[in-house]
Amino acid sequence: MFMRFIYKFSSPPYFYAISGKLLPWLSALFFVLLAYGLYGGLVIAPADYQQGDSFRIIYVHVPAAWMSMFIYVVMAVSGGIGLVWRIKLAEIVSIGSASVGASFTFLALVTGSLWGKPMWGAWWVWDARLTSELVLLFLYLGVIGLYNGIEDKRTASRAVAILALVGVVNIPIIHYSVEWWNTLHQGATVTKLDKPSIHIDMLIPLLVMAGVFKIYYFIVLLLRSRNELLERESNGKWIDELLEKVN
Amino acid sequence: MKQSSLFQALGAVIKRDLLLAYRQRAELINPLAFFVMVITLFPLALGAEIALLKRIAPAIIWVAALLASLMSIDNLFRADYDDGSLELMVMTPHPLSVLVLAKVTAHWLVSSVPLLFIAPLMGLMLHMDSDVIGVLLLTLLLGMPVLSLIGGIAVALTLGLRKGGALLAILVLPLYVPILIFAGGAVDAAMSGLPISGHTSMMCAILFLAITLTPLPTAAALKMSLS
C-alpha cells in the first residue's frame, strides 16, 4: 500500500500534476507565515536585555543554520533512495536540494558574522559551530561541483548520492572533532552566547520562521524538481500531452 | 581453473602495484620533492625566527603531507582505468571493495611511507624537539592511511572526468578536517607535555572506521565510473 503510493507519487507525470496544484497553496501559506514571523520577530518580541535589538537577526540566522543541516540530510537520504531503488524523482530531489542547502549555509555564515561583529567584536571567530558550518559549506560546494562536472545527469546523480552519503557519515565526526579542537585550543576566550531560557514572545516567532524557511525550501525544491523533470524527460510522452493541453 | 582465495587476491594486487611502482621509480620522488618544497616555502614566507618555526612546525608538516597525499592520490586508479585493467578487476569473483583496499594499501606504501622517513628531517630543520618529532611521526603513521582511504572515494568519483584535479581537492579536503584536528591536537599536547593518548586513540578509531567503511563507497563509485 505504502510502496504503491510511493511509486505512484514518484512517477514524473503524477508528481508534475500534483506539485503544480500544491504550489499556489504553499506560496500563500509561505507569505502569510512570513509576514507573521517577521512582525512577531521584529516588532512584538521584546529587545534582549543583554544584546538589545541586534539579537533580532536570530530570526534569520538560526532557521538558516537549522535548514543547512536538515537539507544535507534530506539530500543524502533521497540520494540513497535514488541509489537503491533507482527512483528518478529521488535523484532529482537530492540534487535540487544541494544548491538551496548551500545558499542557506552561506546565509547562516553571513548572518552569523554580522551578528558576531557587535556581540563578539569580530567578524569571524574560530568558534566550533562557525567552523563546522564552514566545512558544511565546503561539502555542499563539492556536491555541486561534482554534479556539474559529470555530463550524464543520471550518472552524476548517482555520484552525488554516494558523496552525500559519505558526507553524512562524516558530518558528526567533523562536528565533534571541531568542537573538541576548539575547546582544547581556546577554552574560554570565545564568548559563547550563554542563552538564558528564551522568552516566549521571542520563541514563537523563531519557531514560525523555522517553519517559514522549511516551506520556502519545499517551494523551491518543487520548482527546481519540476524544471529538472521537464529537462530530463523532454522526450517523454506526458510532456507532449502537457504541451497540447497548454496550447 | 583453480579459484584464488580472497587473501591471495589481496596479496596479488598489492604485489602488482608495488612492482609497477618499482618499474617507474622516478615518479616516486615527486610527492617527496613536493613535500619538502612546500615545507621550505614556509620559513621563506614567515622569516627564520626559531621560536615561531618551532611552534608551527607540526602544522606545516601536516599540511604539507596532506597536500602531498592529495597530489599523489590522483594516480590511484588512473592508470588502471586508462588501460582497462580496472574493468578486469571488477569482473573478478572477488568483492571489488577488497581489491580497492589492496590498491589503497599499495598506494600508501609507495607514496606515504617514504614521507615518514623524510618528516623527521624536516622536523629537525624546523627546530622541533625530538620527542615531539616522535609524536608527529606517530600521528602521520596513523593519519596518512586515512587520507589515502578517504581520497580513494573522491578519486573513484571523479575518475571519468576530464577536469578532475581541482574538483578532487574540493571533494576531499573537507573530509580531511577531523584527522588534521586530532593530529594537530596530539602534537600540541606533546609540546606542552600533556598526555596524547586521547588524540591518538581517536585517530586509531578513525583509522579502523575508514578501513572498514571507505572501500564500500569507493567500490560503488568505481562501478559507477565504469558503467
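Phe9(A) lies in helix α1 of chain A, where helices (H or I, at least four residues) are DSSP runs numbered from the N terminus. Phe9(A) is partly exposed, because its relative accessible area is 30% and this class lies between buried, under 20%, and exposed, over 50% (1.4 Å probe, protein chains only).

This is a predicted model, in which local features need pLDDT of at least 70, side-chain atom pairs count only at pLDDT 80 or more, and totals for chains, interfaces and linings use all residues. Residues are numbered from 1 along each chain as its sequence is written, and side-chain values use heavy atoms, with hydrogens and water left out.

The wider fold may now be considered. Chain A contains eight helices and zero strands, a strand being a DSSP run of E of at least two residues. Its order along the sequence is α-α-α-α-α-α-α-α. Along the principal axes, the C-alpha atoms of chain A occupy a box of roughly 60 × 40 × 35 Å.

Of the 247 residues in chain A, 46% are buried. Contacts (heavy atoms within 4.5 Å) between residues at least 6 apart in sequence join, in 79% of cases, residues at least 24 apart.

Note on methods. Chains lettered and ligands numbered in written order.
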